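Open your viewer and get ready to click along. We will go from stop to stop, selecting residues and seeing what is there.

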Amino acid sequence: MDRFRMIFQYFQSNSESVMNGICGLLALASVKMYTSFDFNCPCLPKYNMVYGLGIMFLPPMALFLCGLILNRQSLVMLEEWKRPTGGRKKDLAIIRYMCSSIMQRAMIAPVIWIIVTLLDGKCFVCAFSGSIDPEKFVEFANATPTQTQLLLSKVPCKDDELMKNHPARKAISRYLRCWSQALGWSVLLTLIMAAFLARSLRPCFSQAAFLRTRYWSNYIDIEQKIFDEACCEHTRDFAHQCILHFFESMQREIKLRSFHVPREAEVGVKEEDHLRGITDQEQMNKLLTSWYYCKPPLDVSQATQRQTVGGERPSMPWTDSLSNRGNEPQKGKTSRQTDV
Amino acid sequence: MDKFRMIFQFLQSNQESFMNGICGIMALASAQMYSAFDFNCPCLPSYNLAYGLGILLAPPLVLFLLGFVMNNNVSMLAEEWKRPTGMRQKDPAVLRYMFCSMAQRALIAPAVWISVTLLDGKCFMCAFSTSVPVEKLGNRSFTGLSEKEMRKILARIPCKEIYNGQELVAREVAARYLRCISQALGWSFVLLMTMLAFLVRALRPCFTQAAFLKSKYWSHYIDIERKLFDETCTKHAKTFAKVCIQQFFETMNKDMGLGHTHSPEKVPLEEGEEKEKLLGITDQGTMNKLLKSWHKCKPPLRLHQEVLQNGNNWQGESQHHSHTSLPRKEIVTYYSKV
């Protein structure tokens, strides 16, 4: 158990690790699914191709969609893409980076399914047994075309009466499996070559831009998490306060009817602080709407200056084009935007 | 469990150890892949050689490239090679060392595959069954077969069930002959690889040991520096997000005219702590400049300059920012009247 906890903690350490972990699990699940799936070739002339190609391509599509669904980052990316601009400009490079990283991870399990399918060979033999050239195999010289087609389509079925002892069955099966395995290895080699080139050549192009997009996409992810945590905390304190007030009001009613001295409910200073002044439903709704419609600009340099009593705003030591956020009241959508 | 944790931590301790671990896993995976792979010789004259050699050589290539792909140092090597010189000179010896160490590790899994394949013998038998010396092993003058026919028959040697040339050359004899050659090749290959590894290891200290120590140190340094930079960026992003959200809540507060403020003593303390963690980088533009500068102009490998000139790490564009955003230090002197 300790071992699992350690491995679990390692993968949880950041969201990229979590995604790598999920990716690996999906890949293993893909292999396990293939081995436990009971492949059942119909051995009929037109059905073979449909069944074979269906088994080769439909489960990968399902696995791909699974990979997209299980990835938390897809939601973050969609949100970033679709949000109104508000106080923070959108950077398409970040969205592209997130999209490509999501796609790469989601593609692993489908690719593994296709490669395992090809290396195993059953699917390929089933799909293409009707398409081989009967002249390569002398045993079909005396059969009519329809008969040949029927016999060929029965090649994948070892126990079929017609083909059980046919001399060409094993040869055809072997021939097709050989092609299937060659195709599988070629696909694997091509993909690994592409991955290798992508990995080694990427730093040669726009490394600075890459560092930037990686940092900000990580930032967006972390910000979303922290915002959710802050809201959770707020919810808890809000609920607590709500209930305390309810009890207080009940006590007051009781006090009016009888002569008990109510105990002063202790309002935790700490909790009030956590509520940060947001103390009713409408205010919270306004805050959440504002978070979506008008995300704050990426500038936290004016923190202490905001808190002066009387609302004075001292002039800043340096002003640049970036933001003078404190000077105008915040509306739903503002025209000022921070430059990327 | 403790032992496992210790091993895990040891392997994680630096990139090289981690890669050794991955290397071992890939070697085992390579052997496992071979035994799980269902070898299927086509037993047709021209296909045999292609299939056999393909299975002998394509998976090792895949494993070799996979060894590079799994190694984080590949992008680090490319980055170090392609970066602008900035304030830090590039050392080709370090790059060569990194490349050699990566290539050596990536070669292990392919070598295991090739050895296992040759020692098992199926692949070799499939590829070279048509080249069996019929004069030595069988009955060449049997029924005056044409070359093509003979090749067709010989191609079926690996396939027990369909072999029909028992009179030409006994299948068992040919199979044994081919397997014997295959295993001899396999053991020679293993011996050669081991000998090479031994020579490289034993003789290297005789040449340029000092330069080797230097390259090893600086390549570890580059690796650790990159990791620490990524960690620092992540920590910074976390703190940035926290402060950003705190300020957002406060602004909402203010805009809704609620007039609630934290107790004034608390604010500077909390915000001050968080601001310290931000290391003076408090807006998007500055962060972007920092990241660009990290690539275009890495800092020199000279630490004493930092103490003398506060925050002189990134020269050029962001100099005035770093100067004004660092907290001022107070110096107090005491005089004693003795």
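Before the first click, one set of words: a residue is buried when its relative accessible area is under 20%, exposed when it is over 50%, and partly exposed in between, using a 1.4 Å probe and protein chains only. This is a predicted model, where local features need pLDDT of at least 70 and side-chain atom pairs count only at pLDDT 80 or more, while totals for chains, interfaces and linings use all residues. Residues are numbered from 1 along each chain as its sequence is written, chains are lettered from A and ligands numbered from 1 in the order in which they are written, and side-chain values use heavy atoms, with hydrogens and water left out.

**Stop 1: the two chains**

Helices (H or I, at least four residues) and strands (E, at least two) are DSSP runs, numbered from the N terminus. Chain A has 11 helices and 0 strands, and of its 340 residues, 41% count as buried. Now turn to chain B, which has 14 helices and 0 strands. Among the 338 residues of chain B, 41% are buried.

**Stop 2**

Select B:Phe207, in the loop between α9 (171–203) and α10 (209–255) of chain B. Is B:Phe207 buried or exposed? B:Phe207 counts as exposed because its relative accessibility is 55%.

**Stop 2**

Next, select B:Cys100, B:Ser101, B:Gln104, B:Val200 and B:Arg201, which lie nearest the centre of the second largest pocket among its 29 lining residues. On a 1 Å grid over the protein atoms alone, a pocket is an open set of points with protein on both sides within 12 Å along at least five of seven lines, where a 1.4 Å probe fits; lining residues have an atom within 4 Å of a point.

The second largest pocket holds about 1,300 Å³ of space. Two or more lining residues come from each of α2 (15–36), α5 (92–120), α9 and α10 of chain B. Which element gives the largest share of the lining? That is α5(B), with 11 residues.

Colour the lining by class and you will find 16 nonpolar, 7 polar and 6 charged residues. Here Ala, Val, Leu, Ile, Met, Phe, Trp, Tyr, Cys and Pro count as nonpolar, Asp, Glu, Lys and Arg as charged, and the others, Gly among them, as polar.

**Stop 3: a covered helix**

Select residues 73–82 of chain B, which make up helix α4. How many of its 10 residues are buried? The count is 8, so helix α4 of chain B is mostly covered. The buried ones include B:Val74, B:Met76 and B:Leu77, and also B:Glu79 and B:Glu80.

**Stop 4: charged partners**

Side chains of opposite charge can pair when their charged atoms come close. A salt bridge is a side-chain nitrogen of Lys or Arg within 4 Å of a carboxyl oxygen of Asp or Glu. The whole structure has 14 salt bridges over all chains.

Start with A:Glu223 and A:Arg88, whose closest N and O atoms are 2.9 Å apart. This pair links distant parts of the chain, 135 residues apart: A:Glu223 is in helix α9 (residues 207–257) of chain A, and A:Arg88 is in the loop between α4 (72–82) and α5 (92–120). A:Glu223 is buried, at 2% relative accessible area, and A:Arg88 is buried too, at 5%.

Now show both chains and select A:Arg214 and B:Asp230, a salt bridge with its closest N and O atoms 2.7 Å apart. This pair crosses between chains, from helix α9 of chain A to helix α10 of chain B. A:Arg214 counts as partly exposed, at 27%, and so does B:Asp230, at 25%.

Note on methods: Points joined across faces, edges and corners; volume = space filled by probe spheres on them.
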